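Visitor: Could you please take me through this structure? I would like to go from one spot to the next.
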Amino acid sequence: MLTLDQLEPGETATIVALHHEASQQGRLLEMGLLPETAVEMVRRAPMGDPIEYRVGDYNLSLRAAVAKLIEIRR
Amino acid sequence: MSEDTCIALIGNPNVGKTTLFNALTGLRHRTGNFPGVTVEWESGSWKIGDHRIELLDLPGTYSLVPDSPDEAVVVDVLRGKEEGAPKPLAILAIVDASNPERNLYLVSQLLELGLPVVIALNMVDVAERAGLTIDAKELSRRIGVPVVPICANANAGLADLAGAMGRALKAGTPAPSLGIPLEQDAPDPVSIAARYGWVRETLSGAVTRSETTGPSLSDKLDKILTHRVWGTLVFISVMALVFQSIYSWANPIMDTVDGGIGFVADQVSAALPDGSLKSLLVDGVIAGVGSVLIFLPQIAILFFFIAVLEGCGYMARAAFLMDRLFAKLGLSGRSFIPLFSSFACAVPGVMACRTIPDRKERLVAMLVAPLMSCSARLPVYAIMIGTFIPAKAVAGVFNLQGLTLLGMYFLGFSVAVPIALVVRKTLVKGDSPPFMIELPSYKIPEWHVVLHRVREKSWAFLVRAGTVIFGVTVVIWALAYYPHSEETLAGYEAQRVEAQSAVTDAAALDERLSEIGQAQAGQMLRESYLGIAGRAVEPVFAPLGWDWRISMAALASFPAREVIIATLGTIFNLGADEDEASAPLREQLQKATWPDGTPLFDVAVALSVMVFFALCAQCGATLAVIGKESGSWKWAGFTFVYMTTLAYLAATATYQIMSRLIA
């Protein structure tokens with residue numbers, strides 16, 4: 001399964017599904033991380049984590065552990 | 001429409017909401033770039049036509065289904081359930097034109113509240129630079145509520161906004177519902193998808209996108225500021241600059257204030273006859289409150305930096321850079337702001353913990369926040385470092401005094417690490433929250449907001465100096481002055497008479513009289529109520545290298561730690577011969593001796609005092625706010641016990657090790 005944390009800087013992918021527990025999914029969806037949405041990986045933080053993404057018209061940072069549960073396709 | 005008419009201003013974080021609030025109401029308060037920096041709502045008066053209505057500024061929020069206590073406030077106010085806040089009759093929704101999709105998601109929820117809604121489409125200039133053009137008329141037609149394009153920071157479009165709101169209030173027609181009811185507790189994926197479906201459909205055709213020319217300025221800045229090497233270097237340099245400037249910028253101003261206070265003391269001293277009134281004013285009020293006032297410049301500089309860093313958007317980057325580190329403590333980058341703010345003052349720091357969505361993380365952050373070296377500790381560090389740490393250059397560029405100061409700040413933080421870990425693993429167990437933080441575009445800080453913040457905090461400090469510190473100072477003075485035994489005084493008077501008849505040489509007589517004066521001052525202090533109590537507790541503090549005077553000053557500082565300077569000022573002033581009574585506290589401390597004549601303070605004692613103050617829970621206000629915010633006094637008690645124990649043990653270790661190293 002291809003997941004969001006595997007993207008390299010500059011790469012764009014489309015979200016397929018979120019595999020988080022129900023309690024954690026809500027806010028991610030509300031922030032615009034919906035299936036069929038395109039997301040671009042911008043960069044990793046200096047210590048490797050979290051990771052900054054471009055979602056729609058804004059930048060959001062997520063921990064790799066959270067991004068790992070977001071299934072994507074290129 | 002009347003004075004009682006209330007409108008709620010609501011929007012996502014970082015969309016210029018506070019700027020719009022200031023522009024509409026003229027009420028000045030701070031704006032920040034960090035999600036959720038406006039923790040509490042504020043209200044101001046907004047003039048619409050000939051009427052004035054109340055505008056309520058609510059914390060920035062992404063959704064009406066609350067994710068943190070911060071967001072719960074918003075929902076409570078909107079539903080008229082927040083105590084003390086009026087129930088809004090209409091909603092002013094601010095939408096960032098450069099990020100319409102996620103902003104309209106919140107609007108899609110606001111439409112369900114059954115109130116009239118007016119949309120302020122902010123930052124249309126920024127959006128156009130990013131290649132986004134929004135047809136406000138078309139958007140308004142599609143949503144069914146007025147949409148007014150504005151630029152809050154340029155005061156553009158505000159008259160149109162007032163007009164639209166006036167008409168909406170007069171009509172009183174609720175916004176058309178989408179038929180997607182608000183979730184009661186947890187967000188529902190089906191409803192979220194339906195709302196985003198509506199948002200995308202609404203925007204398609206109303207928004208035109210043109211190709212932009214390359215990356216934005218924010219992107220370019222982030223390439224450097226969040227870079228593995230450069231970003232880390234910049235972060236460390238920024239923090240070092242903050243602390244170095246607190247020390248070096250403030251010094252010339254402090255010397256001036258110091259001189260001014262000495263001048264006032266001399267004038268009062270010359271104008272009044274000897275006696276208890278003169279002693280109260282000179283030794284108590286001027287020496288006590290004056291020695292605290294000196295630190296106003298340093299406090300102003302610290303708050304200046306915090307306001308600038310928040311205002312420009314760097315704070316969110318700091319959270320991004322630091323998250324990995326905080327994750328190791330069971331915290332997240334979200335805790336960076338509350339903890340960094342605690343370097344100014346733990347009270348707003350603990351309150352800022354409300355922006356942390358996870359309950360467990362919030363509690364841990366609150367418990368370690370008082371360990372961050374707050375501005376009230378700065379006076380203690382400043383006087384001890386300035387007096388007893390030599391101003392030697394280290395490695396060419398750094399100064400030993402500045403490094404010691406940095407070290408004291410580092411101490412509090414490094415102790416917080418194991419404490420947070422232990423608390424997270426024992427008292428507050430559970431998984432780390434999912435970290436999610438928006439990285440807003442960089443902005444030039446609004447200078448009037450920054451200056452207002454500095455002024456506000458400096459004033460709060462002055463008020464504290466004028467009330468709490470003044471009160472404690474007078475009490476300490478009285479305890480150190482009375483019983484003021486006539487018998488003892490008569491004894492020294494007899495010695496003076498005897499000296500005057502026995503010693504004929506003028507110079508020798510002066511010297512003898514000065515000796516008698518000093519012995520008298522010291523003896524009177526020892527015989528005072530403070531002296532008696534102090535000597536009783538002296539053995540407890542002996543392992544720290546303290547005499548009874550330092551011990552009493554430290555004990556008197558438990559309600560508010562900055563009192564220490566005032567207390568030391570009063571105690572050492574009363575204990576000094578009158579000729580040098582108006583000398584600065586620094587000189588008094590340098591001259592202070594043990595009964596056997598050896599100097600009271602050396603580097604080891606100074607360090608032990610600083611370490612004690614760095615770690616001790618000497619702040620009633622912080623403990624009260626922890627009790628209130630955590631919902632349990634148990635946690636306030638826990639904080640007091642762990643910090644005080646830690647302070648005592650660490651100060652003992654510092655003195656025992658340093659005194660051996662130096663000797």
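Predicted model: local features only at pLDDT ≥ 70, side-chain atom pairs only at ≥ 80, totals over all residues.

Visitor: Now another residue. Where is T202(B)?
Guide: T202(B) is placed in helix α7 of chain B, which covers residues 189–203.

Visitor: Buried or exposed?
Guide: T202(B) is buried, because its relative accessible area is 5% and buried means under 20%.

Visitor: What does T202(B) touch?
Guide: Leaving aside residues up to four places away in sequence, T202(B) touches L139(B), R142(B) and I143(B).

Visitor: Let us turn to sheets. What is the strand order in the open sheet of chain B?
Guide: Its six strands follow the order β2-β3-β1-β4-β5-β7, with mixed pairing. The edge strands are β2 (42–48) and β7 (147–149) of chain B; each has a single partner strand, so one side of each is left without a neighbour in the sheet. From one strand to the next, the twist averages 30°.

Visitor: How many bridges join β5 to β7 in chain B?
Guide: Three bridges join β5(B), residues 117–122, to β7(B), and the two strands run parallel. Within this region, I119(B) stands opposite V147(B) of β7(B).

Visitor: Which strands does helix α5 of chain B lie across?
Guide: Helix α5(B), residues 136–143, lies across β5 and β7 of chain B and runs at about 160° to β7(B).

Visitor: What is the order of the strands in the sheet with antiparallel pairing?
Guide: That open sheet has six strands in the order β5(A)-β1(A)-β2(A)-β3(A)-β4(A)-β11(B). At its edges stand β5 (70–73) of chain A and β11 (436–438) of chain B, each with a single partner strand, so one side of each has no neighbour in the sheet. Its twist averages 40° from one strand to the next.

Visitor: Which residue stands opposite S61(A)?
Guide: It is I437(B), in β11(B). Three bridges join β4(A), residues 58–62, to β11(B), and these strands run antiparallel.

Definitions and conventions. Residues numbered from 1 in each chain as written. Chains lettered and ligands numbered in written order. Heavy atoms only, no water. Helix = DSSP H or I, 4+ residues; strand = E, 2+ residues; numbered from the N terminus. Buried < 20%, exposed > 50% of the residue type's maximum accessible area, 1.4 Å probe, protein only. Contact = heavy atoms within 4.5 Å. Pairing = 2+ DSSP bridges. Axes fitted to C-alpha atoms, helices over the stretch in contact; angles between N-to-C directions.
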